[in-house]
Amino acid sequence: MDSTRVVDLKGGALAELTLEKSVTQAELESLLREKLGTGDIKVLSIRGERVTVQFGTDMDVVKVSEALRGTATINSYKAVGPVLSKQAMNQIYWAIGFAFLFMSVTVFIIFRDPVPSLAVILAAASDIIIAVGGMSLFGIPLSLASVGAILMLIGYSVDTDILLTTRVLKRRKGTINERALGAMKTGVTMSIAAIASMAALYLVTVFVMPEARVLSDIAAVLIIGLLADILTTWLMNLGILRWYLEVRS
Amino acid sequence: MNRKVSKFLKDYRVILLIVLVAASITAISTMGIQQGLDLQGGSLIQIQLERPVDAATMNTVTSVLDKRLNIFGVKDVKVRASGDQNVIVEIAGVQPDQVADIVGKPGKFEAKIGNETVLTGTDIVSVQPPIITGNEWEVPFRLSTDGARKFAEAARGKAGEPVKMYLDDRLITAPEISAEVATGKPVTDVRITGAENSKAEAEVQAKEIETLLKSGSLPVKVKIVGVSSVSPELGKQFAEGAVIAGLLAVLAIAVILIVRYRSPILVLPIFFTTLAELLLILGAAAVIRWNIDLAAIAGILAAIGTGVDDQIIITDEVLSGEGRRTRRKFRIKDAFFIIFASAGTLIAAMLPLAYIGFSRGATGIGLLAGFAFTTVLGVIIGVFITRPVYARFIETFNVAGRK
C-alpha cells in the first residue's frame, strides 16, 4: 500500500506549499533537512508553484513555517501525532465492525429468512474485501476518507441485493429467470448511475483540485466497490438464491 | 391532463414538499449555510490533555484557551471540548503557525515567593488593562479573598523580596514586594509595576503581563496532537470544485437515464426530485446551524446517490406494472418495501460512525461524524418526503408507461 500519504493513520505531517521562488526538489529537501535537523522529510511533488511535502514525524508547524520563510508559504498543513492515529485506527475497526453488525441485523429483520439474509451479507462483505484489495492495488491509502467510502459502500451494496432478493422471493409473476432479469435491469442501471456520478466526482477532484483528496479517495473506493458489486450481486447472490429456491421447492 | 395536474397538486405529500422546499429556500437565504473550515479556510487544532479530566476541569481548560486566543487578538475562534481528554480549536482564516504558536504555550501561571507557590492562575479574579506612563507600566488586577489572604501571609515582612512569576515554569518577571503589601494585611486589589527603556518596550511588557495573568492557569498540561489547516483560497477552490463535481455527477446520471429509458421527459422529474432533496438537506442544515464541510458534502452526495437509485426502483416497478391501476399501486408498495429496507440498512451502517463522533468528540475518526450525520439526514428526508412525491408523480402521470 502507498505509505506516503497515510498521515491520518500513521502519524506524521503533510504540508501543501506555495513557492515564493523557484527551487528544485533536491534543494527544497536539503534546505528543510538542514533547518529542521531531521532526515525524515520527503518532497512528494512539485507542480509549478504547488509543492507537497511529507514529514515522517509529528513536526512542529511553527518550526516548519520558520524554516520555509522566504522560500514558500504554507497553504494547508495536516499533522497527526502517533497517539491520535492509534486512537483513530481503533475507532475505525469498531466503526466498521459495528456498521457491519447493525447492517446484518437489519437485513435479518427485513427478510426473516437465514439463507437470503446471509447471501446479502456475504455480498456486502465481498464488496468491502474487493474494495480494500483495489485500494492496495491502486495505492489508495486507508484514511478517514476511505473508511467513510467503505461504509457508504455497505449501503450501496445492500441496495441492489435487497432489490434482487425482494423481486425473486416476493414476486409471484414469471419464472425465476424472468424476475431475476427484471431486477438485474433495474439494479445495473442503479449501479451504472452511481458509478457515473462517482467518476465525475473523481475526475473533477483529480484534475481541478488535487488537494481535495478526501473526495477523490471516496470516489475511487466507491467506483471499485460498485464494479465489484455488479459481480457479487448478479453472479454470487443470484446463484445462491437460485440454489435456495430449488432446494426449497 | 388538467384534472391529473390538479389531483397531483392536491396530494398532501406534494403540498408538504412544496411548503418544505419554500421553507428551505427561505432558511438558506436568511440564515445562510455555515461552511466548514475546509471550505472557508482556517485551522483546526487538536489538543490532547495529559490525562482524562472531569467536566469542571475541562471547562476551565477550554475557557482559559479561549481567553488566551482572544487576548492575542485571534477572531472567530471556537474552542470546544471533545470527549474527556481532547480539545478542538477552530479558527477561521488564520495560518496554522500563528495559531499553534499561541495555543502551544500551555500557560501554567504561578507566582512564588522564595520557593513557596503563593498564587496560581485560579486565584486571579479579574485583570484591568495596563496603564502606561512614559516608560513605566502598571497592570492592576484583583485577587480572590482566599488568594489575597494566602498572598498576604506569605509576603508578611518580606518587603523588597521578589515575587517570581512563572508561565509554564519559565520566569517571566519578578516585581518586588512593596512595603504596604508586606504588612500582612490581605489586599484584593493589587498591581504589578515596572519600568523599561522606552514607551514601546513598556507597552509590550505590560501586555505580556496582562496576558499572563488573564490566561489563568491550565490545570493539566496540554499538547498539540493534530493540526489541519486550509488557506481561504484553497477553501474557495474546494467549494467551487464541489459544485462543479455535483453538476457533472447530475449530468452523468441524466445521460445514463436517458440511454436506459429513452425518454427525456422522465429525467426531468428525477432531476427536480434530486434538486428538492438537495434544497431540503441544505435547508435543514441552515436551521440547525450544521456545518457543511467536505465530509458533509460527501454525505450529501451519498444521500442523493441513493435517492437516484430509489427513483430508478420506483420507475421500473411502475413500468413493469403497466395496465391495471390496482396493480400499479401494488408495485409502488413493493418499491417502497425495497426503499425502506435499503434506507434502514444504510442508516444502521452509519450509526456507529455518528455515535463515535458525538460521544467521543471530533478527534480521529470523529471528524467523519459530519459525513455520517448528513447521510442519515439526507436519507430520512428522501425516504419520507421527496421519494413518495416522485412515486405519486409517476403514478399519476404514468410517464414511464407512455414511453
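Q: What makes up the accessible surface of chain B, and how much of it belongs to carbon and sulfur atoms?
A: In this predicted model, chain B has an accessible surface of about 18100 Å², and carbon and sulfur atoms hold 59% of that area.

Q: What share of the residues in chain B is called buried?
A: Of its 403 residues, 54% are buried. The label requires under 20% relative accessible area.

Q: Which elements does chain B have, and how many?
A: Chain B has twelve helices and twelve strands. Among contacts in chain B between residues at least 6 apart in sequence, 74% join residues at least 24 apart.

Q: How do you know how much area chain B and chain A bury between them?
A: The size of an interface is often given as the accessible area lost when the parts come together. For chain B and chain A that area is about 5500 Å², with 70% of it on carbon and sulfur atoms. The contact involves 67 residues from chain B and 63 residues from chain A.

Q: Why is the pair B:Glu317 and A:Arg167 called a salt bridge?
A: The closest N and O atoms of B:Glu317 and A:Arg167 are 2.6 Å apart. The cut-off is 4 Å between a side-chain nitrogen of Lys or Arg and a carboxyl oxygen of Asp or Glu, so the pair qualifies. The count between chain B and chain A is one salt bridge.

Q: Which elements of chain B give two or more residues to the side that touches chain A?
A: They include strand 1 (42–49), helix 8 (232–261) and helix 11 (325–360) of chain B. Helix 11 of chain B gives the largest share, 16 residues. By residue type, this side of chain B divides into 38 nonpolar, 19 polar and ten charged.

Q: Why is A:Arg112 called exposed?
A: A:Arg112 has 70% relative accessibility, and exposed means over 50%, so the label applies. A:Arg112 sits in the loop between helix 4 (82–111) and helix 5 (114–137) of chain A.

Q: What is the phi of A:Arg112?
A: Its phi is positive, about 45°, although A:Arg112 is not a glycine. Most residues other than glycine have a negative phi.

Q: Why does B:Arg289 count as partly exposed?
A: B:Arg289 has 45% relative accessibility. Buried is under 20% and exposed is over 50%, so B:Arg289 falls in between. B:Arg289 lies in the loop between helix 9 (264–287) and helix 10 of chain B, and its phi is positive, near 55°.

Definitions and conventions:
Residues are numbered from 1 along each chain as its sequence is written. Chains are lettered from A and ligands numbered from 1 in the order in which they are written. This is a predicted model: local features need pLDDT of at least 70, side-chain atom pairs count only at pLDDT 80 or more; totals for chains, interfaces and linings use all residues. Side-chain values use heavy atoms; hydrogens and water are left out. Contact means heavy atoms within 4.5 Å. Buried area is the accessible area (1.4 Å probe) that two parts lose on being put together, summed over both. Helices (H or I, at least four residues) and strands (E, at least two) are DSSP runs, numbered from the N terminus. Ala, Val, Leu, Ile, Met, Phe, Trp, Tyr, Cys and Pro count as nonpolar, Asp, Glu, Lys and Arg as charged, and the others, Gly among them, as polar. Buried means under 20% relative accessible area, exposed over 50%, partly exposed in between (1.4 Å probe, protein chains only). Accessible areas come from the Shrake-Rupley method with a 1.4 Å probe; for residues, only the protein chains shown count as cover.
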